[in-house]
Amino acid sequence: MAYSRLVPARRRIDPAAGARAVRRWAAGGPALERRALATAVRFALEELTACAPGRAVEVRVPPYGVTQAVSGAVHRRGTPPSVVETDADTWLRLVTGRLAWADAVNDGALHASGERCDLSAYLPLLRV
């Protein structure tokens, strides 16, 4: 029997702690310690999954996290059909509206492939 209902992703990052980490990143200043940066990135990935549930696109922000989001063809194993990959700073700039999707792609700061890989409709995710 086919099971197609989308189940919300389980949160691993406390939303209050995640929002605090994103605000600390947005405030700039001294370099954010690795743990706080990881919390901010993972929280933003969870926010994407919450607003665009599914498993059609794999979003990678090495070495901090990865998630699958966006409804469509379900990816189960091997190389996903749609992949988005970027660094932590670019990802946080995208999700906070400090960087446009097209600019990140054009600058080479973000690599996206596959038919559903354009996440610009979901951005920005967070306001700081």
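Is Val70 buried or exposed, and what is its relative accessible area?

Tutor: Happy to! This is a predicted model, where local features need pLDDT of at least 70, side-chain atom pairs count only at pLDDT 80 or more, and totals for chains, interfaces and linings use all residues. Residues are numbered from 1 along each chain as its sequence is written, and side-chain values use heavy atoms, with hydrogens and water left out.

Val70 is buried, with a relative accessible area of 5%. Here buried means under 20% relative accessible area, exposed over 50%, and partly exposed in between, using a 1.4 Å probe and protein chains only. You will find Val70 in the loop between strand 2 and strand 3 (83-86). Helices (H or I, at least four residues) and strands (E, at least two) are DSSP runs, numbered from the N terminus.

The backbone of Val70 deserves a look too: its phi is positive, about 75°, although Val70 is not a glycine. Most residues other than glycine have a negative phi, and most peptide bonds are trans.

That brings us to the loop between strand 1 (57-61) and strand 2 (65-69), where Pro63 sits. The peptide bond from Pro62 to Pro63 is cis, with omega near 0°. Another cis peptide bond joins Leu123 and Pro124, with omega about -5°; Pro124 lies in the segment after strand 4 (110-113).

As for confidence, the protein averages a pLDDT of 88, and 90% of the residues score at least 70; pLDDT is the predictor's confidence in each residue, from 0 to 100.
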